[in-house]
Amino acid sequence: MPAVTDTGFVEMRLRKVVGIGSAEGDVTCVVVLDGVSEDRHLQIQIGETEAFNLSCTLTGLEFARPMSPQFAAGLLHALGGRIREIRIDRLVPVPVGGTAYCATVEVGSAAGVASVDARPSDALNLIALVPAPIFVAREILAEAEAERQGDSAEAILLRRALAAEQMTVRREPHDR
């Protein structure tokens with residue numbers, strides 16, 4: 001069986017999650033992936049909850065009780081499974097116009113190998129806890145690189161995400 005990288009995928013690593021503010025006060029959360037052996041980047045807009053969870057994991061902030069990604073990782077472990085890889089492998093149209101990235105999580109267990117459809121933000125939150133390779137389809141990278149070009153608000157936001165610092169979540173000290 002050919003390796004994923006031989007069939008049109010680029011291996012990537014999870015670099016950071018950032019929050020980019022607008023003049024109107026809105027915040028857009030973006031996860032940034034970097035190529036492992038190629039100078040490629042992929043920025044994916046994600047929800048605030050997913051960005052919060054990912055930021056906490058990446059910066060080592062822990063909670064007394066498991067958040068959803070920790071719960072999912074615990075279930076995977078309890079069932080004897082492991083993530084073999086994730087692939088960000090397709091785009092789908094969304095009702096409000098535009099497209100959304102889709103991921104496939106390949107899970108191995110004593111029962112065999114299964115592919116599970118996922119949002120990239122959920123798959124990346126899981127990968128941050130139980131490391132496994134991340135692959136992105138070359139055509140998705142090409143489309144993302146084209147999207148970053150130009151002067152549109154979207155292109156500017158994506159370029160800003162590359163330069164922004166890792167989002168940090170801090171606990172406030174309790175007042176006593």
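## The largest pocket

Let's begin with what lines the largest pocket: by class, seven nonpolar, five polar and five charged residues. The structure shown here is a predicted model, and in it this pocket has a volume of about 350 Å³. Of its 17 lining residues, Ile-44, Gln-45, Thr-99, Ala-100 and Tyr-101 come closest to the centre.

Several elements give two or more residues to this lining: E3, strand E5 (99–109), helix H3 (120–129), helix H4 (138–147) and helix H5 (153–163). Strand E3 supplies the largest share, with four residues.

## Gln-43, a buried residue in E3

Strand E3 spans residues 41–46, and Gln-43 is found in it. Is Gln-43 buried or exposed? Its relative accessibility is 4%, so it counts as buried, the cut-off being under 20%.

The side chain of Gln-43 has polar partners. One is the side chain of Arg-148, in a polar contact of 2.7 Å. Another is the backbone oxygen of Leu-158, which lies 2.8 Å from a polar atom of the Gln-43 side chain. Setting aside neighbours within four places in sequence, Gln-43 is also in contact with residues including Val-30, Val-31, Val-32 and Tyr-101. Its contacts with Arg-159, Ala-161 and Leu-162 belong to that list too.

## The second largest pocket

Sorted by class, the lining has six nonpolar, four polar and three charged residues.

Why is H3 described as largely enclosed by the rest of the structure? Seven of its ten residues are buried, so the rest of the structure largely encloses it. The buried residues are Pro-120, Ser-121, Ala-123, Leu-124, Asn-125, Leu-126 and Ile-127.

## Ile-86 and its neighbours

Now to strand E4 (residues 82–93), where Ile-86 is found. Ile-86 has a relative accessible area of 0%, so it is buried. Not counting residues up to four places away in sequence, Ile-86 touches Ala-123, Leu-124 and Ile-127, among others. Thr-104, Val-105, Pro-133, Ile-134 and Phe-135 are also among the residues it touches.

For a sense of distance, take Ile-86 and Arg-160, which are 74 residues apart along the chain. Their C-alpha atoms are separated by 26 Å.

## The nonpolar cores

The largest nonpolar core has 36 residues, and the members that touch the most others are Leu-33, Leu-42 and Ile-88. Strand E1 (residues 9–21) gives this core its largest share, five residues. Apart from this core lies another, of eight residues, including Val-18, Ile-20, Leu-158 and Ala-161.

What does Leu-33 contact beyond its neighbours within four places in sequence? Its partners include Met-12, Arg-13, Leu-14 and Arg-15, along with Arg-40, His-41 and Leu-42. Ile-88, Leu-124, Ile-134 and Val-136 are in contact with Leu-33 as well.

Note on methods:
Residues numbered from 1 in each chain as written. Predicted model: local features only at pLDDT ≥ 70, side-chain atom pairs only at ≥ 80, totals over all residues. Heavy atoms only, no water. Core = buried A, V, L, I, M, F, W, Y, C linked by side-chain atoms within 4.5 Å. Buried < 20%, exposed > 50% of the residue type's maximum accessible area, 1.4 Å probe, protein only. Contact = heavy atoms within 4.5 Å. Polar contact = N/O pair within 3.5 Å; in protein donor to acceptor, adjacent residues only side chain to side chain. 1 Å grid on protein atoms, 1.4 Å probe; cavity = no way out; pocket = protein on both sides within 12 Å on 5 of 7 lines; lining within 4 Å. Points joined across faces, edges and corners; volume = space filled by probe spheres on them. Nonpolar A, V, L, I, M, F, W, Y, C, P; charged D, E, K, R; others polar.
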